[in-house]
There are 2 protein chains.
Amino acid sequence: MSDLRPPEHQVAGHRASANKLGPLVDDSGLFYKPLQAGDRGEQERAFYEAFSAHAAVPPRIRDAFFPRFHGTRLLPTEARPGEPHPHLVLDDLLAGLQAPSVADIKIGAITWPPSSPEPYVAKCLAKDRGTTSVLLGFRVSGVRVVAPGGAVWRPERPELKALDTAGVRRVLRRYVSSVSGEVADCALAAAVYGGEGGVLSQLRELKAWFEEQTLFHFYSASILLGYDANAVSATGAGGGVRVKLVDFAHVAEGDGVIDHNFLGGLCSLIKFISDIVSEPPLAP
Amino acid sequence: MSDLRPPEHQVAGHRASANKLGPLVDDSGLFYKPLQAGDRGEQERAFYEAFSAHAAVPPRIRDAFFPRFHGTRLLPTEARPGEPHPHLVLDDLLAGLQAPSVADIKIGAITWPPSSPEPYVAKCLAKDRGTTSVLLGFRVSGVRVVAPGGAVWRPERPELKALDTAGVRRVLRRYVSSVSGEVADCALAAAVYGGEGGVLSQLRELKAWFEEQTLFHFYSASILLGYDANAVSATGAGGGVRVKLVDFAHVAEGDGVIDHNFLGGLCSLIKFISDIVSEPPLAP
């Protein structure tokens, strides 16, 4: 357990410190997410248990698009010495990537489950209207881009919250650009977004499932994108492109209805990304 | 002009009377919709003008899924004698159907354009949460079903507003049933919902357009379904199945973004209807 540490590449949520609980990783490729306060932690745990065991979830979907769940574990934390805290034990989705470029994109125009109490709806609605969620069906919650020289671009949260439509497009272009200057060249778009096993083909596979699945409604969940900036610039190929769903504290039962809110936002994200893949390459 | 009259088969909106403005039809197959008060009427007119002339709208989509727009006309009304009122002149979408069975389905979990002022958002949100809009991504705003003997089932608005998920499923089954009793037999499901030119194939064509189109966001618009109960029961075939978009007072500019809110609701409706088509037929 001595190798537990805050993940180097975290782009959203609280960072573990002496003041705050936050996720931890270890060398074996596991990710430890502290159970959130109130109902949230319990709800996320309940989701992982139900989802992991659900006979109607295709194994391919579970394996390709969700972190594997390994139960919960009590761990000591820096924030609360002497008071071990329960953590969800999950696969570390970025394990094995030398220089992970990561984006956390919260999906859905609506981020509150329909059964939420009024004050929670009002709070979420204000955020959804104040960011691009209502307009685009998603918002960028975090991003970290590693340039070939190793320089890291990681905008702060207020900058991300203030993004408009054009700003989101800029961030999604910069996420696959090999230079850190003003002009995003989208040099990695074909390798990361396009092609076999790229983001776009993975998102489309996910979409096909969302057109049919009526088990869960993933309010306020995110799609985490990851690729290895070193591998992709060296080889021009995929670079271990990852597309994963995360953050399940507000999942509701589907009750025979598709998750139209997630699906709509996912289709919008697909359109943004396919627009970038279709752009003619910049002249060198 | 003497053949102007309120449409016999209207299922949603105000009915023209001495007290209220409402739509009129004539014998030539035209539908006259009074310009709504405030900005709405003007916005709906502006939408029809922009949409009718837009080079990026595929003619097939315009012709198949939208009423044709014939400009505006000042007409005398019973509600305001001596004070002609401007009307949108549109195709009567139910013209030619002997015994129209009609459903008006308002699409989208969100019915307010993102730029709406706070009180309007609050008012819409209360309705969207109070009906099935938030949960299903659509709500049934009106329905009229003609049984083979000619008996008409037309639930009142409060009954429709109170529908839950199971209730919506019941209404969509009853819409294609040939008996008026408690048990919906879905005898017309294959002819009306399924098959070539049926509701499902038309909705899927519409969906393909919504996955790409970034011109308009159709907040609070409805899909109108119509078929000829006489024709479909006599022949077992399509019976002039119609799938049309209506009510454009709250359309917003797409600004390069797909209408994820309409698309999500549309996919949810498609799932409901395809579930009904896939049911094994009742034993006779």
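## Strand pairing and helix packing

In this predicted model, B:Ile107 has B:Phe138 of β6(B) as its bridge partner.

Zoom out and you get an open sheet of 5 strands in chain B, ordered β7-β6-β5-β9-β10, with antiparallel pairing. Which strands stand at the edges? They're β7 (152-153) and β10 (242-246) of chain B, and each has a single partner strand, so one side of each has no neighbour in the sheet.

Two helices of chain B pack on this sheet, as the table shows.

| Helix | Strands touched | Direction angle |
|---|---|---|
| α8(B), residues 199-210 | β9(B) (222-228), β10(B) | about 40° with β10(B) |
| α10(B), residues 260-278 | β5(B), β6(B), β9(B), β10(B) | about 135° with β5(B) |

Over in chain A, there's a helix pair to look at. The axes of α6(A) (residues 165-174) and α10(A) (residues 260-278) come within 10 Å and cross at roughly 60°. That crossing makes α6(A) oblique to α10(A), and α6(A) passes α10(A) in a right-handed crossing.

Who makes the contact? On the α6(A) side you have A:Thr165, A:Val168, A:Arg169, A:Leu172 and A:Arg173, while α10(A) brings A:Leu269, A:Phe272, A:Asp275 and A:Ile276.

Conventions
Residues are numbered from 1 along each chain as its sequence is written. Chains are lettered from A and ligands numbered from 1 in the order in which they are written. This is a predicted model: local features need pLDDT of at least 70, side-chain atom pairs count only at pLDDT 80 or more; totals for chains, interfaces and linings use all residues. Side-chain values use heavy atoms; hydrogens and water are left out. Axes are lines fitted to C-alpha atoms, for helices over the stretch in contact, and angles run from 0 to 180 degrees between N-to-C directions. Helices (H or I, at least four residues) and strands (E, at least two) are DSSP runs, numbered from the N terminus. Angles under 35 degrees count as roughly parallel, over 145 as roughly antiparallel, 65 to 115 as roughly perpendicular and the rest as oblique. A crossing is left-handed if the near helix is turned anticlockwise from the far one by less than a right angle, and right-handed if clockwise. Contact means heavy atoms within 4.5 Å. Two strands pair if DSSP finds at least two bridges between them.
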